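Please look at the sequence and the model first.

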Amino acid sequence: MKIFLHLQRRFVGKYQWIFLGSCSLLFTILTSTPLAAQEAKDSLEIIKLLEKEGRTWRMGDKGGHADCWLERPYGRIMVSTADGNTFNLPSKTMISPPPGMMGNGGFAFHSNYRMKIDGDIAWVNHDEVSVDIYGKTSLSHEIRLLERWNNTWKLVGQSIHSYSHNTDEKMDTTSYIQTVDIETGSIETVLTINDHFEAPNWHPDNYLILNSKGRLYTLDIKSKQLTPLDTGFADECNNDHGISPDNKWLAISHNDRTDPSTKSYKSAIYVLPIGGGTPRKVTTKVPSYWHGWSPDGKRLAYCAERNGNYDIYTIAVEGGKEKRLTSAEGLDDGPEYSPDGKYIYYNSYKSGHMHLWRMDTDGKNQEQLTFDENSNWFPHPSPDGKWIVYIAYTSDQKQNHLFGKQVKLRLMNLESREIKDITPVFFGGQGTINVPSWSPDSKKVAFVSYSIN
């Protein structure tokens, strides 16, 4: 997704002001003059810089954050808090912050950009909603001062004015449907919505499929149009759904209340046309939770509880007898085929801690992939087979995959096994990235973060 700005030029006295609307998808230039083209280029570069500055601060990337700033004798950081306190700091505080000041996680969401660009000087005003790692939001009006240095925009000062929520405003969950570029780390917001949405799949036609309160929806990335997806009688769909390799079918997991089982939740797996229609049931036993298609589209991989233990199973897409692949005590979950069809990746508690594993598609040669202190879930191989993206809880959650925890997305290079963070720590968990969400070109991943008010 590219930043979409609506650019207008207004003259007030001798100054030319640039107003930019936030939250769009395509870049619109209202004039074709060279001056306007340069303004448009500068505007995009400045917004990317501000996004990088916020992201690197929250990730604790000291070098990346310092690269956003330029120390000047007149550079200042002015802050007023919602409770009336004020701070006046030199700009070098942002270049070399004291220990413990940065790396606090969360996300910042900007809106209502207004700019004045005059040669190598720029003034930017915007609003910010900041969401911390506990899902709490804070609001601010911000003024940023920038200079162009060696043909690159740098921050030299800023003024931040925090304010309180309207106490009459009543909200519940807010979902931030986002994408992250695995190379640049750039995080863009497709849609912010005051409702609970989960588990994006990314279709090659550039739309996402998500679930909310038992229903499925498509979200067009370009227009941001959210549209209900017809799933017939299946109106209790959970966040385990995904697109077939030929992009023509959708697997869903639906609570089948008609099943005679005495179990409290009766999730069964169904398939239906990608554009919607009547689902066809695949699994006869409950509960079963879909997680992967084989590359040839002939088999489904899923997590299922049988006789009190959750294990990995596969089944033909037409149905029939299921095949059990794991049998160790403890939860095995999130199975997904590699693009070449050689492996199934999954997460398991068999070691006494939740880690990522892989095995041959017949269940043999089970191999542990992660060994850290995080609780690691849902490995998703990239379409090109080079990477795995997964969600890591920053504390030991045992066998739980809960909503409302501190998590981050991590990326594993499958050749070197090197792992790096691609997001700050944020408020998420269940619903963030349960199912495959890679862009078709293997460059981006879609996910959901949340706030609670």
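Which residue forms a salt bridge with Glu236? Arg257 does, with the closest N and O atoms 2.5 Å apart.

## Basis

This is a predicted model: local features need pLDDT of at least 70, side-chain atom pairs count only at pLDDT 80 or more, and totals for chains, interfaces and linings use all residues. Residues are numbered from 1 along each chain as its sequence is written, and side-chain values use heavy atoms, without hydrogens and water.

## Salt bridges

The structure holds 22 salt bridges (a side-chain nitrogen of Lys or Arg within 4 Å of a carboxyl oxygen of Asp or Glu). Glu236 lies in the loop between strand 14 and strand 15, and Arg257 in the loop between strand 16 (249-255) and strand 17 (267-273), so the pair ties together parts 21 residues apart in sequence. Strands are DSSP runs of E, at least two residues, numbered from the N terminus.

Arg144 and Glu142 also meet in a salt bridge (3.1 Å, N to O). Arg144 is buried at 3% relative accessible area. Glu142 is buried as well, at 3%. Buried means under 20%, exposed over 50%, partly exposed in between (1.4 Å probe, protein chains only). Arg257 is exposed at 61%; Glu236 is partly exposed at 22%.

## Asp240

Asp240 sits in the loop between strand 14 (226-229) and strand 15 (242-243). Asp240 is buried yet has no salt bridge. The nearest side chain of opposite charge, Arg306, is 12 Å away (Lys and Arg count as positive, Asp and Glu as negative; His and the chain ends are not counted).

Terms used: Helices (H or I, at least four residues) and strands (E, at least two) are DSSP runs, numbered from the N terminus.
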